[in-house]
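Let's take a walk through a protein together, starting with the big picture and then zooming in on a few spots. Have a look at the model first.

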Amino acid sequence: MFSHDRIWAAIDALAARNRMSASGLARRAGLDPTTFNKSKRNAGDGRPRWPSTESLSKVIQATGTSLEEFMALVRGGGDALLSMRRTANVPLLGFAQAGTGGYFDDAGFPVGQGWDEISLPTTSDEAVYALEVSGHSMMPLYRDGDVVIVSPSSSVRRGDRVVVRTRDGEVMAKILQRRTSRSIELGSVNPDYPDLHFTVDQIEWMARILWASQ
């Protein structure tokens, strides 16, 4: 069951689930776009090439997929795959809305009614919402107009992609580089934008980006 063909089929299925090609999935995970090309799945002498555990870890994280869900794709079906096809409507905000006061509770989740909504595949009852990216500071991972799926309740660790709202009302998508009891350091993927440093009391909330939909 755990075979070379099934692992690659699971990667293709994960890409399709997120409406991406295999190269788009690799790019979303921060890998070389050719990482999952069909031409790289076998060596020149015909020997099978397996994706690295690091590559698998990155695509699982980038798409907000659990290991159990990925293994369901490896198995090629079952109840877990059916649950992966469930959808839910979640709030959709623009970054400008997110920067306006009164739109969020203390945990960083939208409050009130009247939001635009977007339909997303869901695997749990976890409260999430969507933000439409504006600007270019997260290029090439996130482009202007991409929609990122945000989870205020997920734990945030070093290296995670996050949405941050400062107490001045600025909202940004960054990478958490370092967090201490006093300070937070945020990195930009785009080298044209500087890394940022804040004291903890300058940050209103920070939420993890689970995955993105183009």
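## A tour of the chain

In this chain, residues 24 or more positions apart account for 59% of the contacts with a separation of 6 or more. Keep in mind that this is a predicted model. The chain has 214 residues, and 44% of them count as buried. Its secondary structure comes to six helices and nine strands. The accessible surface is about 11200 Å², with 48% of that belonging to carbon and sulfur atoms.

The largest nonpolar core has 20 residues, and Ile 11, Leu 14, Leu 25, Leu 31, Phe 36, Val 59 and Phe 70 have the most contacts inside it. Helix 1, helix 2, helix 3 and helix 4 (67-75) each supply at least two of the core's residues, and helix 1 gives the most, with six. Apart from this core lies another one of 17 residues, including Tyr 129, Met 138, Val 150 and Ala 212. In soluble globular proteins, nonpolar side chains tend to be buried together.

Next come the aromatic rings, where the count comes to one pair. The ring centres of Trp 8 and Phe 36 are 6.0 Å apart and their planes sit at 70 degrees, so the pair is edge-to-face. Trp 8 belongs to helix 1 (residues 4-17), while Phe 36 is in the loop between helix 2 (22-28) and helix 3 (53-62), 28 residues apart, so the pair links distant parts of the chain.

Last stop: strand 5. How many of the six residues of strand 5 are buried? Six of the six in residues 161-166 are, so the strand is largely enclosed by the rest of the structure. In a regular strand, side chains alternate between the two faces of the sheet. Here, Arg 161, Val 163 and Arg 165 point one way, while Val 162, Val 164 and Thr 166 point the other way, and all are buried.

Strand 5 pairs with strand 6 (residues 171-179) in the antiparallel sense over five bridges. Ala 173 in strand 6 is the bridge partner of Val 163. The hairpin of these two strands has four residues between them, and there Gly 169 takes a positive phi near 95 degrees.

How values were computed
Residues are numbered from 1 along each chain as its sequence is written. This is a predicted model: local features need pLDDT of at least 70, side-chain atom pairs count only at pLDDT 80 or more; totals for chains, interfaces and linings use all residues. Side-chain values use heavy atoms; hydrogens and water are left out. Buried means under 20% relative accessible area, exposed over 50%, partly exposed in between (1.4 Å probe, protein chains only). Contact means heavy atoms within 4.5 Å. Accessible areas come from the Shrake-Rupley method with a 1.4 Å probe; for residues, only the protein chains shown count as cover. Two strands pair if DSSP finds at least two bridges between them. Rings of Phe, Tyr and Trp (its six-membered ring) pair if their centres lie within 6.5 Å; planes under 30 degrees apart count as stacked, over 60 as edge-to-face and the rest as tilted. A nonpolar core is a set of buried Ala, Val, Leu, Ile, Met, Phe, Trp, Tyr and Cys residues joined through side-chain atoms within 4.5 Å.
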